[in-house]
Amino acid sequence: MLAMERFVDRVITIGGTSPRQVAKTVLLLFLFGYATGRFTRSVLRHGLRRTLYYAVFLAWKQYKGDSGYQQEMTEARQSFRHSLYPEAVKNTAVNKTLPTKSVPSHEILKTIEKWSQYEEELWNGKKRQSS
């Protein structure tokens, strides 16, 4: 028991023996223990690889800031959304407001037929028909 007390005294007086230095050392040891516990719990729960990826992600997000992170996410969403539409649909003008004059039904049918004839080559060489 006496050896344990000496060990604790040595550890908390690493930074110095004044009360302020001891308090700072105890606070740093507490924060280190807390961070170590959180890291260990995350590794046990999710695995080392996922924990490290998450730590790198948090560091990247801290470096970029919230606005940079939001910009990256917006660009990723837009590129993903853009890749989902076939070329025939992308090349069609988008109406953001109701037109003052209606589009004739034969023109709508012609556009839909043109879209349904569109084929796209897949990664395995087969054709995907979009309709």
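**Close-up views of the predicted model**

**View 1. Surroundings of threonine 25.** Beyond its neighbours within four places in sequence, threonine 25 is in contact with Val11, Ile12 and Gly15, contact meaning heavy atoms within 4.5 Å. The model is predicted: local features need pLDDT of at least 70 and side-chain atom pairs count only at pLDDT 80 or more, whereas totals for chains, interfaces and linings use all residues. Residues are numbered from 1 along each chain as its sequence is written, and side-chain values use heavy atoms, with hydrogens and water left out. Threonine 25 belongs to helix 2; helices are DSSP runs of H or I with at least four residues, numbered from the N terminus. Threonine 25 counts as buried because its relative accessibility is 12% (buried is under 20% relative accessible area, exposed over 50%, partly exposed in between; 1.4 Å probe, protein chains only).

View 2. Leu27, Leu28, Phe30, Leu31 and Tyr34 make a nonpolar surface patch of about 550 Å². Accessible areas follow the Shrake-Rupley method with a 1.4 Å probe. Leucine 27 is located in helix 2, which spans residues 19–46. With a relative accessible area of 49%, leucine 27 is partly exposed.

**View 3. Histidine 46 and its polar partner.** Histidine 46 is placed in helix 2 and, at 38% relative accessibility, counts as partly exposed. Its side chain makes a polar contact of 3.2 Å with the side chain of arginine 50 (N or O atoms within 3.5 Å; within protein, one able to donate a hydrogen and the other to accept it, with residues adjacent in sequence counted only if both atoms are side-chain atoms). Between the C-alpha atoms of histidine 46 and threonine 74, 28 residues apart along the chain, the separation is 28 Å.

**View 4. Threonine 51 in helix 3.** Threonine 51 lies in helix 3, residues 48–84. Its relative accessibility is 6%, so threonine 51 counts as buried. The side chain of threonine 51 reaches the backbone oxygen of glycine 47 at 2.8 Å. Not counting residues up to four places away in sequence, threonine 51 touches Phe39, Ser42, Val43 and His46.

**View 5. Aromatic cluster of Tyr54, Phe57 and Trp60.** Ring pairs link these three residues, Tyr54, Phe57 and Trp60, into a cluster. Rings of Phe, Tyr and Trp (its six-membered ring) pair if their centres lie within 6.5 Å, with planes under 30 degrees apart counted as stacked, over 60 as edge-to-face and the rest as tilted. The count comes to two aromatic pairs. Tyrosine 54 and phenylalanine 57 form a tilted pair, with 6.3 Å centre to centre and 35° between the planes. Both tyrosine 54 and phenylalanine 57 lie in helix 3, three residues apart, about one turn of the helix. Phenylalanine 57 counts as partly exposed, at 29% relative accessibility.

**View 6. Valine 89 in helix 4.** Valine 89 sits in helix 4, residues 87–90, and is partly exposed, with a relative accessible area of 27%. The C-alpha atoms of valine 89 and lysine 110 are separated by 13 Å, the two residues being 21 residues apart along the chain.

Technical notes
Helix = DSSP H or I, 4+ residues; strand = E, 2+ residues; numbered from the N terminus. Patch = residues over 30% accessible without salt bridge, like charges linked within 9 Å, V, L, I, M, F, W, Y side chains within 5 Å. Salt bridge = Lys/Arg side-chain N within 4 Å of Asp/Glu carboxyl O.
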